[in-house]
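Subject: A structure for you to look at

Hello,

Here is the structure I promised to pass on. Please open it beside this message, and I will walk you through what turned up.

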Amino acid sequence: MFLTIFSSQAQTSAPAATANPFPSISTLTNWASLNSQSQFDIAIRAVGFKFEVKEPGEGSTAYTYIRKVTVNEVNYTDRIVYRITNNNSASIISLVTASTDLVSLYTPQLATFKNNNCKTEMSKDKNTTCSCYESANFAIDLCDERVKLTMGDGNKYFVSVAKK
């Protein structure tokens, strides 16, 4: 009986872990260094994201990708935006989700980065807590935003990796 309970537990928890892989900080910084939407497109599709929209802007173009995930029988939409400057000098990766606590996931990975005071627009919001990090080549903002949901309060997590 113990074996039955143990194996059913393993079967139910395994899909959630494999169905929702998030790229490491190292992967995000590699992607931000690509300066190529076509290379980013191949990489992001490998973790389950699908292209949604291209938005040309002044000085840069943003490519938004989404994926639908189910965690503990709750449906979420993860969104990642790849923004590249028109002269290919810099790019920014922004990942937004409510399905996984990105603060707990990414904070240990940022131990070698310098912690800075946040000056981003998101960090000025009273419902958002941000930590900002910096290395020689990248600026990383990691935020936890309290949001009002139709069925109560929730959290939305945000990480932004900008190539300097």
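Glutamate 134 counts as partly exposed, because its relative accessibility is 30%. Please keep in mind that this is a predicted model. The side chain of glutamate 134 meets that of lysine 164 in a salt bridge, with 3.2 Å from N to O. This pair links distant parts of the chain: glutamate 134 sits in strand β6, lysine 164 is in the segment after β8 (152-163), and 30 residues separate them. Lysine 164 is partly exposed as well, since its relative accessible area is 48%.

That bridge belongs to a set of five salt bridges in the structure. Two others are worth a visit.

One of them pairs aspartate 78 with arginine 67, whose side chains meet at 3.0 Å, N to O. Aspartate 78 lies in strand β3 and arginine 67 in strand β2 (residues 60-71), so to find both you will look at distant parts of the chain, 11 residues apart.

Glutamate 52 lies in strand β1 (residues 50-56) and arginine 79 in strand β3 (residues 74-85), so the pair ties together parts that are 27 residues apart in sequence. With a relative accessibility of 39%, glutamate 52 counts as partly exposed. Arginine 79 is partly exposed at 34%.

Now for the cysteines. How many disulfides does the count come to? The answer is two disulfides.

One joins cysteine 118 to cysteine 132, with the sulfur atoms 2.0 Å from each other. The angle about the S-S bond is 120°, and the link of cysteine 118 and cysteine 132 is right-handed. Cysteine 118 is found in the loop between β5 (114-116) and β6 (128-134), while cysteine 132 is in strand β6 itself, and the two are 14 residues apart.

The link of cysteine 130 and cysteine 143 is right-handed, with 110° about the S-S bond. Both cysteine 130 and cysteine 143 are buried. If you number the bonded cysteines of the chain in sequence order, the pairing reads 1-3, 2-4.

Starting at the N terminus, the elements run α-α-α-β-β-β-β-α-β-β-β-β. The chain has 164 residues, of which 36% count as buried. Its accessible surface is about 9,800 Å², and carbon and sulfur atoms account for 54% of that. Among the contacts in the chain with a separation of 6 or more, 46% are between residues 24 or more positions apart.

Finally, the inside. Which residues have the most contacts within the largest nonpolar core? They are Leu28, Ile80, Ile93, Tyr106 and Val159, in a core of 26 residues. Helices and strands both contribute: α2 (25-32), α3 (37-45), β2, β3, β4 (91-97), α4 (102-106), β7 and β8 each supply at least two of its residues. The largest share, four residues, comes from α2.

Apart from its neighbours within four places in sequence, leucine 28 is in contact with Pro23, Ile80, Ile93, Tyr106, Val159 and Val161.

I hope you enjoy exploring it.

Best wishes

Technical notes:
Residues are numbered from 1 along each chain as its sequence is written. This is a predicted model: local features need pLDDT of at least 70, side-chain atom pairs count only at pLDDT 80 or more; totals for chains, interfaces and linings use all residues. Side-chain values use heavy atoms; hydrogens and water are left out. A disulfide is a pair of cysteine sulfur atoms within 2.5 Å. Buried means under 20% relative accessible area, exposed over 50%, partly exposed in between (1.4 Å probe, protein chains only). A salt bridge is a side-chain nitrogen of Lys or Arg within 4 Å of a carboxyl oxygen of Asp or Glu. Contact means heavy atoms within 4.5 Å. Accessible areas come from the Shrake-Rupley method with a 1.4 Å probe; for residues, only the protein chains shown count as cover. A nonpolar core is a set of buried Ala, Val, Leu, Ile, Met, Phe, Trp, Tyr and Cys residues joined through side-chain atoms within 4.5 Å.
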